Structures are given as structure tokens and as C-alpha cells.
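Please keep the sequence and the model in view while reading.

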Amino acid sequence: MTRFNRQRTKAATRAEIQRELPGLTRRGVSSPLATGDLWPIPSVEHLRSAPPPVVRSAGTAKAAPGAAVTNRQGGTGHLREPKEELFLLAVTHLYGQESFYEAAAERDERYRRLIREHAVSDPEWTLDLLRRLRTEFRIRTAALVGAAEFVHARAAAGAAGHSRQAVDAVLQRPDEPGELLEYWTGRYGRRLPQPLRRGIGDAVRRLYTGRALLKYDTPSHRFRFGDVLELTHPAPDPDKPWQGALFRYALDRRHHPDRAQPPAGEHLLSAHHALLAVPRADRRALVTEPGGAQRLADAGMTWEALAGWLQGPLDAAVWEAVIPSMGLMALVRNLRNFDQAGVGDEVAARVADRIADGEEVRRSRQFPFRFLAAHRATGSSRWSEALESALGHSLARVPALPGRTLVLVDRSGSMFDRPSARTRLNRADTAALFGTALALRAEQADLFQFGTGNRAVEPEPSVLGTLRLFRNMGGTDTAAVVRRRYREHDRVVVVTDEQAHQSRADPFASVPEDVPVYTWNLAGYATGHTAPGPHRHTFGGLSDASFELIPLLESGHPAGHPWERSAPYTARPVTVAPGPVSSGQACSVGGAS
């Protein structure tokens, strides 16, 4: 197999990158990548006021985990164990996005600091966290940032090992090697440590295919496939004899797009190249005439690229041609576009059938709130039943808890900030969604929304119907709702950001010590609302699978982080006795293990 010349266009590539990314300096100090499109630092103008600092008592500069401090609402909080703090922050934090009590820059720096510390002190644990963060929790940007900081911290400490594996573990989509390079060069300059190069090379060999090139090697990406190849010099996979030719084609697309020719034998790339060569005036007919849908599928033409190729809007006929080759989430994201274009009822019925199909939903591995967001965005009865079904399928892992369960959903003002600028849903929506799902599936549940006051929620047969009953409830008085609503329940589940308002005591003091309390944390702030201890558990993350740990704990399985479930977590004692078993360890699960 002929190998491509790695040095052939290196100088041209560097000059091209510098022209396209002005301000990219050797050390990255003035690079626009540091605050580029993928890692924005939003303003914090919406914050009600500057948050109160976390105040420690005299002589507790290095207070132990569990120590009482002042939380962000001025009430009493409790310091988390450092791994617990990192874990909850990692699974709830979307990098570059502010929260109600923390500006984006403050929150990002806390995340980077914790990653750097644990990359050196416990690299195996941190590597497993990063891997789970990307593959199970499906959080992209924070995982990429975490891997970059992991590599940098270990290089600065002169520590060998683990860095290459961390990089390879978080790169799960073909455009992510370029995104990682974008972050690294923007923050640390163009000098790439060997583990970073090799980790990206491992991912490139695994991820770069013809279909991936068509979907992700586009001018909208700052680092194209060719840039990644030139900067990291990966050799093609010896088990993929076609990959060397693909690498050469990616380089040609980057430097000589007008002359780039797809490799011989690459039918997908050849079909796509042929479509691009069709005169503009003839393109729409190729799409809308008989066989157009198959023609688009054979050429790997995505709906995102279709409008640019046609150089015009996607009307009903064009949508109907591309819909058969669209994935489930692409369909869900475009429901309103289908309605606006006037897609026919027959095609719409097929779309609805796919959305309501349980196997399609499970295969898509999408979070339940994606379907809730789609329902809110469309506002159309055409899709309501299908989205309700999809929501139910996506919540299938929420367990049916036996006995009596008290479910408390935090609807205070701080829960109404959005975790990402890319979503219309806020943390209050997510809390209501999962609290409702848990209550609907439990044998017997009492569901309450709370803030300054609290109010019962009588679940309707559907999740979407019940969600309409939730309101903004003001401040956060966790202790009051627990005091008033706990009535010898078998367990208490609270979905919250843990920043109780003006609470000076344990909010769960009225719950007997042997009754388990499960906190599902949505924000990952530095302080929790109760001290760790037996039968007091904290979960984190955006996945319904977090609730799977409740029956595991109550059946006698030890708590711990997902990758530690095979053995008890040793940092704190684990109580094993008849009845509920717990360790006080913050834990979460983002998927099946």
C-alpha cells in the first residue's frame, strides 16, 4: 500500500491555518479559539445578584468533607469530598455555560482545576471518569476539555502514562479530534505533546471513514480532517487498506478542493462527488423525481448539506426525499420544519411511527428531555402522541420503586436557568420530568413541587400532561417541605440544585436516619444540602439511568461511582445490614454497565 507523504504540504497547511485563524499565536495567548464558538463565555447579566462566597468557619481553611459552610443562598451547605465534587460537576456541567450561581468562567476554572488535580493524584480514576463522561453520559465538550487538561497536568508534573488513553477515550465522533485540537491550540499553543498526538491518532484511525468525511469535514469546522492529519501525522490503520487513500483525499479536499478526486472503489464518495458536479439548474429534479430519495442516500447527502447543494430552501418535496435517510434525532429536531414546509400526511405518519418505535428510541441513546424539547418546539398535535411514546420509551429504565416514595421537585428560581444556550429547557423542566416519571412508575408515590412554599402535584396518566401542573415556586426551603410532607415514607427522592434558602440545620432532620434519602443533583455546585452519611445518597447527571442505583442500593449493593460498583468504595465505610444499605458516597450512572 502506497503511503502518503506526511511532509508534502505541512508548510502550506500551517500557513493556511494561520490565514484562516488570525490571532492564533504560538502560545495561543491571543487566539480566538480560547473563547471561540464551541467554548463561549456567556455574560452573567441575568444573575439576580453577586453570589455570596462560600464562607468557612474560623480555622477550617482546609475543612474536611462534610464540614458545614455557607452555601450560595446564604444557608448551610456541606463541603463535598473532592472526587464527589468533580464527579457531580462533570456530569452536570456543560462547558462554557453559566449556571444561576456561577459565571461560566468561574465554573469552567473549577472544573479544570479539579481535573488537573485528580489527573496527577489518581489518574486511573480520572481516566475512567472521562471515559464514562463521554460514552455513557454523552457529554462532549466537558469530556474533551477534561482530556486536554488531563494531558497538560500530567505533562507539567512529569508523569508518564494514561494521557494517550484519556484522549482516545473521549474522542467518539469524527469531528472531535479537530475540536480537541482547537481547544488545545487556543489554550496551550501549537506544540502538541506526544501522548496527545498519539491519542488523536488512535481516534483518527478508528473514526475516519468516507461517510464521516462527508458529514463532518466541512468548511464550518475550524480544523478540517486534513488539518488534523497534518498536525498529528497518524499512520493509516493496517487493517483498513482503504484508509491511506482516504487520508490523501482529505488532504486534497483541504488544500486543493477544486482538483480533489475521491479514491477509486469508494462508491459513496464517488456518488457524492458526482452529485456536486451536477449543474445547479438540474439538481432539484434529481431530488424530486422518482428514485431521488435513494440517490441522496447512496451519495450520503445529509439534510444539513442539502440546502447548500440546492442553493435554495427545502420545500415539502425535498424534505420528503431526504426524510428516509435521516436519523431519529434529525427527524425530531426538524418536526417544526416539516410542518412549515407542508410535508404530506403519509410521510408524516411514517416519521411519527419511527419516533414512537421503542427500538429506534433505544438505539438513538437520546436523553428523555430531547423529546420534551421537541414537543415544546413544535406545538403541533400532529406529533404529540409519537413524542409522548418516545418519551415513555426513553424513560424505560426509571425503576418501579416498591412501597411509599416521597418525590420532591425543586422549582425555585435558581432552577430556571438553562444548562446550555442550545436548549430551551431549563433545570426546572428536567427536574419536573424525572420527578414525574419516578412518581408515575412507583408503586405508591406522593409528588410535590417546592420552593418557598410547596404544593402537591396529582400525576395525570401521561408525563406531558403532568408537566403542565408545575410552576415557579420562589426560593428553596427544602427543610419546610420535608417537615410538612414526610409521613413515614419508605424513601425520599429530591431533584434539586441543593442550594437551600436560609437553612441552618439538616433539611432531612425529620426523616429517620434509617430511611434512605436520594438527592438527584442538577447543577454540581461545590456544596451539598446535607452531610454525607449512611442512607444519604447524592446522584448526578442528566440521564434517567441514575435512578437505577436506588433499587441496587436498597437490595444490598454498595454505593460508589459507576465503574466502582464491583467493589465497595473504600474512602468511607460501607454499612451492610438488613434493609436499606448505603455509604453516603455521591454516585451516578449514565448507562448500562
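The crossing of α4 and α5 is left-handed, meaning that the near helix is turned anticlockwise from the far one by less than a right angle, clockwise being right-handed. The model is predicted, so that local features need pLDDT of at least 70 and side-chain atom pairs count only at pLDDT 80 or more, while totals for chains, interfaces and linings use all residues. Residues are numbered from 1 along each chain as its sequence is written, and side-chain values use heavy atoms, with hydrogens and water left out.

Helix α4 comprises residues 123–135 and helix α5 residues 141–156; the two pack at an angle of about 160°, their axes 9 Å apart. Helices here are DSSP runs (H or I, at least four residues) numbered from the N terminus, and axes are lines fitted to C-alpha atoms over the stretch in contact, with angles from 0 to 180 degrees between N-to-C directions. The angle therefore makes α4 roughly antiparallel to α5, a term for angles over 145 degrees. On the α4 side, P123, T126, L127, L130, L133 and R134 meet A142, A143, G146, A147, F150 and R154 of α5, contact being heavy atoms within 4.5 Å. These residues divide into eight nonpolar, two polar and two charged; Ala, Val, Leu, Ile, Met, Phe, Trp, Tyr, Cys and Pro count as nonpolar, Asp, Glu, Lys and Arg as charged, and the others, Gly among them, as polar.

The loop between α5 and α6 (163–170) holds A159. With a relative accessibility of 29%, A159 counts as partly exposed, that is, between buried (under 20% relative accessible area) and exposed (over 50%), for a 1.4 Å probe and protein chains only. Its C-alpha atom is separated by 9.8 Å from that of P123, 36 residues apart along the chain.

The contact of α21 with α22 has eight nonpolar, four polar and no charged residues.

The largest nonpolar core has 70 residues, of which L306, W319, I323, M326, F338, V351 and I355 touch the most other members. Such a core is a set of buried Ala, Val, Leu, Ile, Met, Phe, Trp, Tyr and Cys residues joined through side-chain atoms within 4.5 Å. Helix α23 (residues 427–441) gives the most to this core, with eight residues. Apart from it lies another core, of 56 residues, among them L133, L180, L196 and V228.

How values were computed
Parallel < 35°, antiparallel > 145°, perpendicular 65-115°, else oblique.
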